[in-house]
Amino acid sequence: MQTEASHGTSPPEDDRTVIALVDDDRNILTTVSIALQAEGFATRVYSDGEAALSALLGNPPDLAIFDIKMPKMDGMELLRRLREQSPLPVIFLTSKDDEQDEEAGLQMGADDYIAKPFSLRLLLARIRAILRRSDARRPIPIEPGEKPAEIIERGRLRMDPARHHVTWDEKPVSLTVTEFLLLEALASHPGVIKSRNQLMDAAYPDDVFVDDRTVDSHIKRMRRKFRSVDNEFSAIETLYGAGYSFSDG
């Protein structure tokens with residue numbers, strides 16, 4: 001059983017943001033850990049859910065990333081047991097096109113998911129966004145030249161991109177980072193029809209392929225979340241054969 005570990009060149013954590021990685025694939029652990037350290041994060045790595053659970057609860061990192069399919073304790077069970085005691089931000093890794101795992105993980109309280117194989121650039125973007133949303137007070141490494149986005153207000157919708165925070169009628173709506181980016185693309189241009197390809201470009205870097213069904217699934221989940229605070233919510237409109245638009249009327 002692998003417990004907390006670090007790479008030989010990794011400096012002490014100090015006050016850096018700490019990311020925990022849980023995966024039985026050692027190549028992924030090594031590659032992602034090195035990439036995160038190069039971006040200014042500290043990392044802790046675990047090769048199975050059992051080893052990770054006690055460490056995540058006893059010495060919490062700032063965010064955890066773990067695979068769904070692992071021996072001893074899979075990612076779903078790890079997430080379930082973690083959520084019984086901790087609101088720790090979590091990104092989970094799924095197999096490509098495994099929509100059932102994605103849906104189950106989000107319902108259990110994951111903050112977002114990324115399908116394997118994934119882009120490190122996409123992972124870094126999701127990490128930064130989730131950390132800003134979970135604790136705006138903590139300094140998060142940003143990319144050179146990155147500028148804070150302005151708050152978006154459209155009718156009853158308010159979006160704060162700096163914290164990835166959303167309210168509808170002043171009631172909070174908890175969106176994943178992907179859902180937030182899709183909504184931001186729509187709400188930034190109310191009344192304008194955005195094709196699925198345009199929405200993919202807004203939510204994913206250009207080297208990541210997703211199909212139309214993925215965008216549709218995100219929109220479906222997002223509508224459901226808004227309707228949980230307003231059962232008459234209809235601001236996200238479907239234009240069949242064309243795409244989606246946001247109405248602030």
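Is the crossing of H6 and H7 right-handed or left-handed? The crossing is right-handed, where right-handed means that the near helix is turned clockwise from the far one by less than a right angle, and left-handed that it is turned anticlockwise.

1. Basis. The model is predicted, and local features need pLDDT of at least 70, side-chain atom pairs count only at pLDDT 80 or more, and totals for chains, interfaces and linings use all residues. Residues are numbered from 1 along each chain as its sequence is written, and side-chain values use heavy atoms, with hydrogens and water left out.

2. Overall make-up. Eight helices and eleven strands are assigned in the protein chain; these are DSSP runs numbered from the N terminus, with helices (H or I) of at least four residues and strands (E) of at least two. The chain has 249 residues, of which 49% count as buried (under 20% relative accessible area, with exposed over 50% and partly exposed in between; 1.4 Å probe, protein chains only). Of the contacts between residues at least 6 apart in sequence, 61% join residues at least 24 apart, a contact being heavy atoms within 4.5 Å.

3. H6 and H7. The axes of helix H6 (residues 177-187) and helix H7 (residues 196-203) come within 8 Å and cross at roughly 125°. H6 is therefore oblique to H7. Axes are lines fitted to C-alpha atoms, for helices over the stretch in contact, and angles run from 0 to 180 degrees between N-to-C directions. Angles under 35 degrees count as roughly parallel, over 145 as roughly antiparallel, 65 to 115 as roughly perpendicular, and the rest as oblique. H6 contributes Thr178, Leu181, Leu182, Ala185 and Leu186 to the contact, and H7 contributes Leu199, Ala202 and Ala203. These residues divide into seven nonpolar, one polar and no charged (nonpolar: Ala, Val, Leu, Ile, Met, Phe, Trp, Tyr, Cys and Pro; charged: Asp, Glu, Lys and Arg; polar: the others, Gly among them).

4. H2 and H3. Helix H2 (residues 49-58) packs with H3 at an angle of about 20°, their axes 10 Å apart. That makes H2 roughly parallel to H3. This crossing, too, is right-handed. On the H2 side the contact is made by Gly49, Ala52, Leu53, Leu56 and Leu57, and on the H3 side by Leu78, Arg81 and Leu82. Here the division is six nonpolar, one polar and one charged.

5. Methionine 73. This residue lies in the loop between strand S3 (63-67) and helix H3 (75-83). Methionine 73 counts as buried, at 6% relative accessibility. Leaving aside neighbours within four places in sequence, methionine 73 is in contact with Gly49, Glu50, Leu53, Leu78 and Arg81. Leucine 53 is 20 residues from methionine 73 in sequence and 9.3 Å from it in space, C-alpha to C-alpha.

6. Aromatic pairs. Rings of Phe, Tyr and Trp (its six-membered ring) pair if their centres lie within 6.5 Å; planes under 30 degrees apart count as stacked, over 60 as edge-to-face and the rest as tilted. The count comes to four aromatic pairs. In one of them, the rings of phenylalanine 92 and tyrosine 113 have centres 6.1 Å apart and planes at 40°, so the pair is tilted. Phenylalanine 92 is in strand S4 (residues 90-94) and tyrosine 113 in strand S5 (residues 112-115), 21 residues apart. Phenylalanine 92 is buried at 1% relative accessibility, and tyrosine 113 is buried at 7%.

7. The Phe226 pair. Phenylalanine 226 and phenylalanine 233 are stacked, at 4.5 Å centre to centre and 10° between the planes. Phenylalanine 226 is buried at 1%, and phenylalanine 233 is buried at 3%. Ring pairs link Trp168, Phe226 and Phe233 into a cluster.
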